[in-house]
Amino acid sequence: MAIEKEDLAVVAPDALAPAAIEAKAENVGVTKASMSGAKCFVAAMLAGAFIGFGGMYFCTFLGDPTMPFAVQRMVGGICFCLGLTLVLCCGAELFTGNALMICAKASGKISWSGLLRNWGIVWIGNLVGSLLAMLVIYLSNLQGMNGGAVGEAFVSVAAGKVALEPVTLFFKAIMCNILVCLAVWIGFSGKTIADKVLGLLLPISAFVACGFEHCVANMFFLPMGLLLNSVGFGAVGAVSLAGIVYNLVLATLGNIVGGLLVGLAYWFIYHKKQEK
C-alpha cells in the first residue's frame, strides 16, 4: 500500500519547531479553556496525585540520610520527574503548566474569565488529588520504610519549605515554574513518549535539585509533613497549618509569574512571526 505524503507528515517523529510549538500552545489553551468543569476537575485531581507520586518517590530516595548532598539532590530530582512524566504522557491538568494558557489569551483566543476559570478549577482539583494521594500513601505506611527514615525525610522537606523567608520563597517559586513551563514547552514539541520524557528530565530534576518551590508538589509535601509530624516524626511543631497556607499562597503567586514570563516571551517572539 502506497504511503501518501500527508501520512508521512502526520507520523514524522521530528520535534516541532519553536513557532509551531507556540501555535500548539495557543490551541492547547483554547482546548483547556473550553473543557467542562467536571472533566477539568477530575483531570486536575489526577495531576495532583501524579505530582504526589513524584514526591513519594523523591522522599523514599531521601530516606537514606548517608548519601552525599550532590547525589541526593541529583538522583532525587530525577525521581521526582515521575510526576510530570505521568502528567504529560497520560494526560492531566496541572496548574503550573496551565500558566502557558497565557499564549492563547495574548492572541485573543480565550477570555480572562475562561483563563481564570480553568486556573481556579485546576488549582483546587490539584489540591484534592494531592490530598487523596497523601492519604493512600500514608495508609500504605511508606513512611515506616528504613526504620522510619522515609517519614523523617517527609517532615524535613516540609519543615524546610514552611521556614523560608517570603522573598526567598517567592523567587524560588518563580524559578521553579520557569523550569516547569520550559519542560512542558519541550513536551509540546515532542511527538513520542521518549521525546517528552527525555525532554523534561533536565529542567524538572534541576528545579528539584536546586530546592525551588512548586505549589502543586507542596500540596502533597506539606500536608504529608504535617500529618507525619502530628504522629511523632520530626521535631514537635516542625510543620503547622499556618505555615502550609503561607507557603502555598506565595508559591502559587511566584509560579504564576514564572509561567507568564515563559509563555509571554515565546508568544512575543513567535506569534508575530507566524502572522508574517
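This is a predicted model: local features need pLDDT of at least 70, side-chain atom pairs count only at pLDDT 80 or more; totals for chains, interfaces and linings use all residues.

Student: How many aromatic pairs does the structure hold?

Tutor: Rings count as a pair if their centres lie within 6.5 Å. By this criterion, the number of aromatic pairs in the structure is eleven.

Student: Is the pair of F50 and F53 stacked, tilted or edge-to-face?

Tutor: The ring centres of F50 and F53 are 6.4 Å apart, with 45 degrees between the planes. Planes under 30 degrees apart count as stacked and those over 60 as edge-to-face, the rest being tilted. The pair of F50 and F53 is therefore tilted.

Student: Is F50 buried or exposed?

Tutor: Buried means under 20% relative accessible area. F50 has a relative accessible area of 12%, so F50 is buried.

Student: Which class describes the pair of F80 and F207?

Tutor: The ring centres of F80 and F207 are 5.7 Å apart. Their planes stand at 85 degrees, and over 60 counts as edge-to-face. The class is therefore edge-to-face.

Student: How many residues apart are F80 and F207?

Tutor: F80 lies in helix α4 and F207 in helix α9, so the pair links distant parts of the chain. The separation is 127 residues.

Student: What span should α9 have, at 1.5 Å a residue?

Tutor: Helix α9 has 17 residues. The expected span is 1.5 Å times one less than that number.

Student: At which residue does α9 bend?

Tutor: The bend of α9 is about 35 degrees, and the proline P203 follows within four residues. The residue at the bend is L201.

Note on methods:
Residues are numbered from 1 along each chain as its sequence is written. Side-chain values use heavy atoms; hydrogens and water are left out. Rings of Phe, Tyr and Trp (its six-membered ring) pair if their centres lie within 6.5 Å; planes under 30 degrees apart count as stacked, over 60 as edge-to-face and the rest as tilted. Buried means under 20% relative accessible area, exposed over 50%, partly exposed in between (1.4 Å probe, protein chains only). Helices (H or I, at least four residues) and strands (E, at least two) are DSSP runs, numbered from the N terminus. The bend at a residue is the angle between axes fitted to the seven residues ending there and the seven starting there.
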